[in-house]
Amino acid sequence: MFTGIITDIGRIIELEKRGDLRARVETNYDMSTVAIGASIACDGICLTVINTGSNWFDVEISAESVEKTHLKFNTWVIGTSLNLERALRVGDELGGHIVSGHVDGVVEIVDMKDEGDSTRFVFLAPSDLQKFIAPKGSVALNGTSLTVNEVHSSKFGVNVIPHTKEVTTWGSSKIGDHLNLEIDTLARYVARLKEVNEETAHSASRNPSIS
């Protein structure tokens, strides 16, 4: 479990295809505190640490994860920067929102403009996920917890403040980039509850009880 608060910017220093994709990520984390088998979110993807060094860790990404994330657009190459977050520990502050590290889909940056020192980003969302995105709701984009400012049909916007641009990869984002999207867990359950209520009402209308 994660919070969507990025704690380091990693960098891919090795990449190898072995059936699954294997990556070595350079990091500023104190690797003496990272155990083999620990979870680290890399651009919002929850990945298991399989090997470590003094300033790096290795992860493997399954073919299924590649297909469901922005990796299918060959976004990871040597030198690529990644948003990193270690798994939440008991007692840690929940500064963002609850993030599982399971990517739901991929969005594309279709517009961006500066508003003061901040930047307003507009994204095109997958059609099957649009119902989960609401104004003032939360989303995780490349692992970053962000608040949705507005929603217009298939597009939604967020505002990224200067601090976030400095401590994440958002400072180098550009139109056309693809990002990993994880919808808010609460939005998922609210949408499912609505579907169940509608199904129940429809069934009741077709099969009224006989008194």
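Mentor: Leu-94 is placed in the loop between strand E6 (81–86) and strand E7 (105–115); strands (E, at least two residues) and helices (H or I, at least four) are DSSP runs numbered from the N terminus. The model is predicted, so local features need pLDDT of at least 70 and side-chain atom pairs pLDDT 80 or more, while totals for chains, interfaces and linings use all residues. Residues are numbered from 1 along each chain as its sequence is written, and side-chain values use heavy atoms, with hydrogens and water left out.

Leu-94 has 43% relative accessibility and therefore counts as partly exposed (buried is under 20%, exposed over 50%, partly exposed in between; 1.4 Å probe, protein chains only). Together with Met-1, Leu-88 and Ile-98, Leu-94 makes a nonpolar surface patch of about 350 Å². Such a patch joins nonpolar side chains within 5 Å, from residues with over 30% relative accessible area and no salt bridge, and the areas are Shrake-Rupley values with a 1.4 Å probe.

Next come the charged side chains. The structure has eight salt bridges, counted where a side-chain nitrogen of Lys or Arg is within 4 Å of a carboxyl oxygen of Asp or Glu. Arg-24 meets Glu-14 in one of them, at 3.4 Å from N to O. Because Arg-24 is in strand E2 (residues 20–26) and Glu-14 in strand E1 (residues 8–18), this pair ties together parts ten residues apart in sequence. Arg-24 is buried, at a relative accessible area of 18%, whereas Glu-14 is partly exposed, at 42%. Arg-24 also forms a salt bridge with Asp-58, at 2.8 Å from N to O. Asp-58 lies in strand E5 (residues 56–61), so the link to Arg-24 in strand E2 spans 34 residues in sequence. Asp-58 is buried, with 2% relative accessibility. Shared partners join Glu-14, Arg-22, Arg-24 and Asp-58 into one salt-bridge network.

Arg-24 has an aromatic contact too: its charged end sits over the ring of Trp-56, 3.5 Å from the ring centre (NZ of Lys or CZ of Arg within 6 Å of the centre and within 35 degrees of the ring normal). The charged end of Arg-86 is placed over the ring of Tyr-29, at 5.9 Å from its centre.

Among the rings themselves, a search of the whole structure finds four aromatic pairs (Phe, Tyr and six-membered Trp ring centres within 6.5 Å; planes under 30 degrees apart are stacked, over 60 edge-to-face, the rest tilted). Phe-121 is in strand E8 (residues 118–124) and Trp-170 in the loop between helix H2 (162–167) and strand E12 (178–183), so the pair ties together parts 49 residues apart in sequence.

Finally, the cysteines. The structure holds zero disulfides (two cysteine sulfur atoms within 2.5 Å). Cys-42 is in none, and its nearest cysteine sulfur, in Cys-46, is 8.9 Å away, too far for a bond. Cys-42 is buried, with a relative accessible area of 0%, while Cys-46 is partly exposed, at 28%.

How values were computed: Patches are made of residues with over 30% relative accessible area and no salt bridge: like charges are joined within 9 Å, nonpolar side chains (Val, Leu, Ile, Met, Phe, Trp, Tyr) within 5 Å.
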